[in-house]
Amino acid sequence: MPRVGRVQATDEARSYGRRASLLSIGVGITGLITYLYFAIASHELSKDQYGQIAVLWSAVFIVVSILQRPVEQLLSRTVSQNLAHGTPIRRTVRVAATIQLSVAVAFDVVALALRTPIQDHLLHGNSTLYWIGVGAITAYGASYFARGFLAGSHRLTIYALLIISESVARTAFPFAVALGVASGQTAVALGIVAAPTLSLMVVPFAFLRRFGAAEEVAPGAVAGDAPTDEFTLARGGRFAAGVFLIMLSEQTFLNAGPLLVNATTGAAAAGYVFNILMIARAPLQLFQAVQTSLLPHLTTLGSEGKESDFRASIRVTLLAIAGFAGLVALVMLVAGPHVMQIAFGKKHDYNRADLVVVAIGMGLYLSAATLNQAAHRTPARRPFRNRTRGRRQTAGDSADPRLRRRLAPGR
């Protein structure tokens, strides 16, 4: 690579690293506070009560990830692409909002129609947990919409504030139970719906600046260089549908365990499986910081045709995941059962080999998630021909003022 190219690649890597590091701090705090929610709940509730909380959380997380995250990914990718080209984002936001609202309404209709089987078979007849779950999933729609907009426009400080406020609001409820201010399973469960609801107080800060201010031209981008085809509802729907399938497969692998065990063995066993899978969930929570900044970063590189920077970002991320997964597996091998009992109490015994297997699986899962982000990036536009000189140019070259002058009408 020429020296200028190496300098540009280094700047890109540093920029991505700064964004990921900033968000990692926020997500790290979020993960710690979320862990406290389940740790306190595990100590304060009985095995069956805690198991039902774990089942409710698993169900909410699965549905939210499958239904709400596709729009988050759509916004993150498309807003970043628009900003890289210096084009307006109003249409993108409007289309994504239409999709998100349609998904929320469809979910509420289906959830109400299936209330009896959901309440009786999944939540053991607990109507309070049913309404908490429906309310939480609906509220998370707005929260994930805001996350996608913030990630795509690289406003990661407000993004971090949003997710931290969610975790604080959630954990305040079992903490109140531990202090004796409140009591019972319902008080703990209310934190699941309070988190996305109270966090929406942060969302207005994401839109304080007019869209025009967010529609700044990214470095190296020139307004009007974007593709001429408009972002339509059908186009956004196709992308969201693809992410939907990925999320469905992902959540089946990651979170279906507690639900299956709950249906066959009971809530107490489901809580045990949920605790073991926290070995995968906690690093996943932290990885969301990297994942959130990785997609818009790769989209920008793909739009600008910087293939070497793109590959370098993926390679560094995969190496970091391998090292982290190896460290977690080593900790589980040395002191896994003891660590789990400190974290969640001594109501269950944990098998060392099982914990190591989950740690290794976590590394494989995070690697697959990284490659999925790479598959979502926007490729560079197809080459076009400079008819006046017979040269083939790429869309990335159009950012060069000299090239634009050569391609201007009449030149």
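Reply: Here we go: each label below is set beside its cut-off.

Me: What kind of model is this?
Reply: This is a predicted model, where local features need pLDDT of at least 70, side-chain atom pairs count only at pLDDT 80 or more, and totals for chains, interfaces and linings use all residues. Residues are numbered from 1 along each chain as its sequence is written, and side-chain values use heavy atoms, with hydrogens and water left out.

Me: How many helices and strands are there, and what makes a run count as one?
Reply: The protein has 15 helices and two strands.

Me: Why is α4 called roughly antiparallel to α6?
Reply: Helix α4 covers residues 90–113 and helix α6 covers residues 127–152; their axes come within 11 Å and cross at roughly 170°. Axes here are lines fitted to C-alpha atoms, for helices over the stretch in contact, and angles run from 0 to 180 degrees between N-to-C directions. Under 35 degrees counts as roughly parallel, over 145 as roughly antiparallel, 65 to 115 as roughly perpendicular, and the rest as oblique. So α4 ends up roughly antiparallel to α6.

Me: Which residues meet between α4 and α6?
Reply: On the α4 side, Val-93, Ala-96 and Phe-107 are among them, and on the α6 side they include Trp-131, Ile-137 and Phe-149. Contact means heavy atoms within 4.5 Å. The residues of this contact divide into 13 nonpolar, three polar and one charged.

Me: How do you know whether Asn-126 is buried or exposed?
Reply: Buried means under 20% relative accessible area, exposed means over 50%, and partly exposed is in between (1.4 Å probe, protein chains only). Asn-126 has a relative accessible area of 18%, so it is buried. You'll find Asn-126 in the loop between α5 and α6. Leaving aside neighbours within four places in sequence, Asn-126 is in contact with Gln-52, Gln-119 and Gln-185. The C-alpha atoms of Asn-126 and Gln-52 are separated by 9.4 Å, although the two are 74 residues apart along the chain.

Me: And why is His-124 called partly exposed?
Reply: His-124 has 41% relative accessibility, so it counts as partly exposed. His-124 also sits in the loop between α5 (115–122) and α6. Its phi is near 55°, a positive value in a residue other than glycine.

Me: What label does Ala-169 get?
Reply: Ala-169 comes in at 10% relative accessibility, so the label is buried. Ala-169 lies in helix α7, residues 156–179. Not counting residues up to four places away in sequence, Ala-169 touches Ala-194, Ala-195 and Leu-198.

Me: What makes a group of residues a nonpolar core?
Reply: The set must be buried Ala, Val, Leu, Ile, Met, Phe, Trp, Tyr and Cys residues joined through side-chain atoms within 4.5 Å. The largest such core has 50 residues, and Phe-38, Leu-56, Val-60, Ile-192, Ile-279 and Phe-344 touch the most other members. Elements giving two or more residues to this core include α1 (3–44), α2 (47–67) and α12 (267–304). A second, separate core of 20 residues includes Val-27, Val-93, Ile-158 and Ile-163.

Me: What does Val-60 touch?
Reply: Val-60 touches Gly-133, Ala-136, Ile-137, Tyr-140 and Ile-192, not counting residues up to four places away in sequence.

Me: How much of the whole protein is buried?
Reply: Buried residues make up 51% of the 411 residues.

Methods
Helices (H or I, at least four residues) and strands (E, at least two) are DSSP runs, numbered from the N terminus. Ala, Val, Leu, Ile, Met, Phe, Trp, Tyr, Cys and Pro count as nonpolar, Asp, Glu, Lys and Arg as charged, and the others, Gly among them, as polar.
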